[in-house]
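Open the model in your viewer and keep the sequence panel beside it. The stops below each tell you what to select and what you will find there.

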Amino acid sequence: MPTPLPVAVPDPAPLPTLPTPAAPCGDGRLLFDAARPDAAGRVTARALLRALGWTPGLTLHVEVVTGAILITPTAEGAHVVGTREELPLPAAARHLCGIAPGEPVLLAALPRQNRIVVHPSNTITAVLADLHARILGEPS
């Protein structure tokens, strides 16, 4: 059997040029998470709590502001960060915002202001519907 002739190996094809990556969004101005309140109105928010440096036992002030729940740490707070790194959403606040147990909420942490805002899903749905209508040129 004859010896095979050597075969020239082709040069590899050049790699395509990748677009420049966008600036990272974790610049500390705004962080997001989604959660579902349990039957007692607690939401687990470990990543946001850790980003803010909030630890279990930290006392919190919880209030409703313009259809959202605003949570801020304070020495005189009536609520606390739970041992499993969960945030309390009191029944009155949930009722005023229309948040039902198990209904998703959007949590927005503002590290520079050291606070978390909890937005009910109906608010987010309305904002997105309005945005889509504007993009598509449809009346809202």
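Start by selecting Asn-114, which sits in the loop between strand 7 and strand 8. Strands here are DSSP runs of E with at least two residues, helices are runs of H or I with at least four residues, and both are numbered from the N terminus. This is a predicted model, in which local features need pLDDT of at least 70 and side-chain atom pairs count only at pLDDT 80 or more, while totals for chains, interfaces and linings use all residues. Residues are numbered from 1 along each chain as its sequence is written, and side-chain values use heavy atoms, with hydrogens and water left out.

Asn-114 is not a glycine, yet its phi is positive, about 55 degrees. Most residues other than glycine have a negative phi. With a relative accessible area of 30%, Asn-114 is partly exposed; buried means under 20%, exposed over 50%, and partly exposed in between (1.4 Å probe, protein chains only).

Next, select the strands on either side of this loop. Strand 7 (residues 105-110) and strand 8 (residues 115-120) run antiparallel and are joined by 6 bridges. Two strands count as paired if DSSP finds at least two bridges between them. Look for Ala-109, which stands opposite Ile-116 in strand 8.

In what order do the 6 strands lie? The order is 1-7-8-4-3-5, in an open sheet with antiparallel pairing. At the edges are strand 1 (31-35) and strand 5 (79-80), each pairing on one side only. Strands of a sheet pair through backbone hydrogen bonds.

Move to strand 3 and strand 4 (residues 68-73), which run antiparallel and are joined by 6 bridges. Leu-60 has Pro-73 in strand 4 as its bridge partner. The hairpin of these two strands has 2 residues between them, and Thr-66 there takes a positive phi near 50 degrees. Strand 3 (residues 59-65) also pairs with strand 5, again antiparallel, over 2 bridges. Thr-59 is opposite Val-80 in strand 5.

Then select Glu-85, in the loop between strand 5 and strand 6 (86-88). Glu-85 has a positive phi of about 60 degrees although it is not a glycine. Is Glu-85 buried or exposed? Glu-85 is buried, at 12% relative accessible area.

Display the side chains of Arg-46 and Arg-50 as well: together with Glu-85 they are linked in a network of salt bridges. A salt bridge is a side-chain nitrogen of Lys or Arg within 4 Å of a carboxyl oxygen of Asp or Glu. Between Arg-46 and Glu-85 the closest N and O atoms are 3.6 Å apart. Arg-46 lies in helix 1 (residues 46-52), so this pair ties together parts that are 39 residues apart in sequence. For Arg-50 and Glu-85 the closest N and O atoms are 2.7 Å apart. Arg-50 is exposed, with a relative accessible area of 56%.

For another salt bridge, select Asp-38 and Arg-42, whose closest N and O atoms are 3.0 Å apart.

Finish at helix 3 (residues 121-136), which contains Ile-135. Helix 3 lies across strand 7 and strand 8, at about 75 degrees to strand 8. Contact means heavy atoms within 4.5 Å; axes are lines fitted to C-alpha atoms, for helices over the stretch in contact, and angles run from 0 to 180 degrees between N-to-C directions. Ile-135 is exposed, at 62% relative accessibility.
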